[in-house]
Amino acid sequence: MREINVKLIENKIAELCIKANYHLGEDVRGCIKNMAAEENWPVARNVLAGIEENICIAEEGEFPLCQDTGMACVFLEIGQDVHLTGGLLEDAVNEGVRRGYEEGFLRKSIVSDPLRRVNTGDNTPAYIHSEIVSGDKVKITVAPKGFGSENMSRIKMLPPSAGEEGVKDFVVETVEAAGANPCPPIVVGVGIGGTFDKAALMAKKALLVPADVVNPDEYYADMEKELLDRINELGIGPQGFGGRTTALAVNIITAPTHIAGLPVAVNINCHVSRHIEAVI
């Protein structure tokens, strides 16, 4: 049994909140660069060039990539041989988020009640998802999620008879309805199967898959490629100005489901697809 003081987790989350908002991952940057090289529409190329410039300015000057520094989504994989000490894990996570958003001069965007809309002033509470895994370490992933893209996400309980085509049509229709609102080019996370809530979680976790990684299941790798092609044929383009670069990647995660159901969720992220991880 390995003891880990939750203060270590707090400190690491504070650090990751800042880094995730200042630096975009090489996977997404590489996709943007590759798509820009293939883009034929001059306006789209100019927009992509501006996006690349913004990424460099943020990194060099230590500025947030976007003014919407998001809701802090924190994913924890906790080894079953870990004993957490020093306080409550949830408190440590939220304190790390509070510190990170304060020290990094990041916008505070969380309201304490969905209808009365009073800002908490420190970007807490975070969205926290934890799971028990093997081992004696804690893996932390911080993914600040902006709501321009989150608001465009959808879930649908399809009948099993809808099949593969029904799933693909729903994904494409969701992106088409979103249009320019989620600040394309986007990354599309798709969750298929499980239950109503499991599908939504899988769609969000699909956004954590590196944008340049191919699905290990050939069937779903082919589906991801087809969906990416269909989405880019919509002509929405970077920031909605037209062109082929509407999406950078489509990532699919699946789970077993009931014989009577086919849940499908689509979680959209803007081109600032921020996620960073660390292991303690």
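A: Gly-179 counts as buried because its relative accessible area is 17%; buried means under 20%, exposed over 50%, and partly exposed in between, with a 1.4 Å probe and protein chains only. This is a predicted model, where local features need pLDDT of at least 70, side-chain atom pairs count only at pLDDT 80 or more, and totals for chains, interfaces and linings use all residues. Residues are numbered from 1 along each chain as its sequence is written, and side-chain values use heavy atoms, with hydrogens and water left out.

Start with the loop. Gly-179 sits between helix H6 (163-178) and strand E7 (186-194). Helices (H or I, at least four residues) and strands (E, at least two) are DSSP runs, numbered from the N terminus. Gly-179 is 22 residues from Met-157 in sequence, and their C-alpha atoms are 23 Å apart in space.

Cys-183 is in the loop between H6 and E7 too. Its phi is positive, about 60°, although Cys-183 is not a glycine. Cys-183 is partly exposed, at 33% relative accessibility. Next come two prolines. Pro-184 and Pro-185 are joined by a cis peptide bond, with omega about 10°. Pro-185 also belongs to the loop between H6 and E7.

A cis peptide bond links Thr-124 and Pro-125, with omega about 5°. Pro-125 is in the loop between helix H4 (89-103) and E4. Gln-239 is a residue other than glycine with a positive phi, near 60°. Gln-239 is placed in the loop between H8 and E8. It is partly exposed, at 29% relative accessible area.

Trp-41 is partly exposed, at 40%. Together with Val-43 and Phe-241, Trp-41 makes a nonpolar surface patch of about 300 Å². Patches are made of residues with over 30% relative accessible area and no salt bridge; like charges are joined within 9 Å, and nonpolar side chains (Val, Leu, Ile, Met, Phe, Trp, Tyr) within 5 Å. Accessible areas come from the Shrake-Rupley method with a 1.4 Å probe, and for residues only the protein chains shown count as cover.

Now the open spaces. On a 1 Å grid over the protein atoms alone, a cavity is a set of points where a 1.4 Å probe fits but cannot get out, a pocket is an open set with protein on both sides within 12 Å along at least five of seven lines, and lining residues have an atom within 4 Å of a point. Grid points are joined across faces, edges and corners, and a volume is the space filled by probe spheres set on the points.

The largest pocket holds about 400 Å³. It has 19 lining residues, with Ala-211, Val-214, Leu-228, Leu-248 and Ala-249 nearest its centre. H2, helix H8 (218-232) and strand E8 (247-257) each give two or more residues to this lining.

The second largest pocket has a volume of about 330 Å³. Its lining has 15 residues, and Lys-139, Thr-141, Leu-208, Val-209 and Glu-277 lie nearest the centre. Strands E2 (71-79), E4 (127-133), E5 (138-145) and E10 (276-279) each give two or more residues to it. E2 gives the most, three residues.

There is one cavity of 30 Å³ or more. The largest cavity holds about 70 Å³. Its lining includes Cys-73, Phe-75, Lys-145 and Leu-208. E2 and E5 each give two or more residues to that lining. E5 has the largest share, with three residues.

Glu-131 and Lys-205 meet at 2.8 Å, N to O. Glu-131 is in strand E4 and Lys-205 in helix H7 (residues 196-206), so the pair ties together parts that are 74 residues apart in sequence. Glu-150 pairs with Lys-145, the closest N and O atoms being 3.0 Å apart. Lys-145 is buried, with a relative accessible area of 4%. Elsewhere, salt bridges that share partners join Lys-7, Glu-10, Arg-99 and Glu-103 into one network.

How values were computed
Salt bridge = Lys/Arg side-chain N within 4 Å of Asp/Glu carboxyl O.
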